[in-house]
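User: Please take a close look at one side chain in this model and at what surrounds it. Then set it against the rest of the chain, with the cut-offs for each term.

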Amino acid sequence: MRKGYVTAGFDVQIATAANPDGSVGGDWTILQSYTGQPQNGASPSQYGFALSPNQVAYGIRVVATDTSNPGTSGFMRIPEIWAFNAGYNDLALTATSVAGTGWVNTAGLRDETGQNQSYGPKGNAVTWTWATAQHLGGFLLIGDPAGSDYPTDYTVDAWNGSSWVNVETVTGNTQFTDYYAFNAPVVTDRLRLTITGDTYTGDSLARLGGMFIFEAVPEPSTVLLLGVGGLLLWRKRRS
């Protein structure tokens with residue numbers, strides 16, 4: 001969950017069974033309960049957690065338990081929820097180092113919550129390094145957790161043993177959380193991100209809350225996003 005007025009309390013639940021017709025059943029289990037949450041009208045509010053190993057879910061929902069916060073008007077407001085299949089291992093967590101000239105708190109870019117603000121000069125690359133070559137399937141870029149700004153223009157390059165090779169170029173991004181899947185697995189022991197544009201124009205800095213770097217797996221070919229009022233199957237931006 002991110003960005004917007006937050007309800008004071010809510011539960012995240014999963015359906016542990018399905019009806020014979022394939023629809024989501026009535027067996028809902030609470031995974032996480034949040035209480036006493038502050039009103040965050042100006043800043044994104046992100047909540048993240050991992051399911052137990054081999055946990056199977058037929059559906060996911062968020063249930064408001066306390067809508068007393070000012071600004072919510074008795075409603076629960078959720079711009080987006082994202083859920084990843086268990087096959088999407090975040091290789092950013094296993095990087096031996098994350099560094100960038102002039103960047104502050106790059107260690108926060110290995111945190112899976114996406115709530116540790118990192119920032120540095122636009123045009124200065126941030127590099128993730130591993131002890132051995134990894135098979136990368138894609139990445140998820142998360143905007144500034146201390147505000148509502150995010151990168152609009154950036155490049156992602158991989159090291160091929162002798163030089164950097166561009167694997168993604170993004171211009172005009174309009175998403176606070178931006179997901180890309182590579183056309184084919186990228187095998188490398190170094191990946192770098194260079195941000196040249198950001199929605200905040202008051203200084204020369206780029207800001208990030210995190211970058212998930214996913215291990216390449218054969219399936220799934222989609223990422224499941226759930227939002228208020230329905231279900232959205234968000235296909236890979238690139239195929």
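Analyst: The side chain of R207 makes a polar contact with the side chain of D203 at 2.6 Å. A polar contact here is a pair of N or O atoms within 3.5 Å; within protein, one atom must be able to donate a hydrogen and the other to accept it, and residues adjacent in sequence count only if both atoms are side-chain atoms. The R207 side chain also reaches a backbone atom, the oxygen of L205, at 3.4 Å. The model is predicted, so local features need pLDDT of at least 70 and side-chain atom pairs count only at pLDDT 80 or more, while totals for chains, interfaces and linings use all residues. Residues are numbered from 1 along each chain as its sequence is written, and side-chain values use heavy atoms, with hydrogens and water left out.

R207 sits in strand β11, which covers residues 205-208. Strands are DSSP runs of E of at least two residues and helices are runs of H or I of at least four, both numbered from the N terminus. With a relative accessible area of 12%, R207 is buried. Buried means under 20% relative accessible area, exposed means over 50%, and partly exposed lies in between, with a 1.4 Å probe and protein chains only. If neighbours within four places in sequence are left aside, R207 is in contact with Q117, S118, Y119, D144, P151, D198 and Y200. Contact means heavy atoms within 4.5 Å.

Y200, one of the residues in contact with R207, also has a C-alpha 8.8 Å from that of S148, although Y200 and S148 are 52 residues apart in sequence. S148 belongs to the loop between β7 and β8. Is S148 buried, partly exposed or exposed? Its relative accessibility is 31%, so S148 counts as partly exposed.

Rings of Phe, Tyr and Trp (its six-membered ring) pair if their centres lie within 6.5 Å; planes under 30 degrees apart count as stacked, over 60 as edge-to-face and the rest as tilted. The Y150 and F176 ring centres are 6.4 Å apart with planes at 75°, so this pair is edge-to-face.

Strand β10 includes V186. V186 is buried, its relative accessible area being 12%. Q134 is 52 residues away from V186 in sequence, yet their C-alpha atoms are 7.8 Å apart. Beyond its neighbours within four places in sequence, V186 is in contact with Q134, H135, L136, A158 and V167.

Two strands pair if DSSP finds at least two bridges between them. Six bridges join β1 (residues 9-15) to β2, and seven join β1 to β3. On the β2 side, A15 stands opposite W28 and F10 stands opposite Y34. On the β3 side, D11 stands opposite V63.

In a regular strand the side chains alternate between the two faces of the sheet. In β1, G9, D11, Q13 and A15 point one way and F10, V12 and I14 the other, and all are buried.

For the protein as a whole, there are 14 strands and zero helices. Of its 239 residues, 41% count as buried. Among contacts with a separation of 6 or more, 73% come from residues 24 or more positions apart. The protein exposes about 11,500 Å², of which carbon and sulfur atoms supply 50%; the areas come from the Shrake-Rupley method with a 1.4 Å probe.
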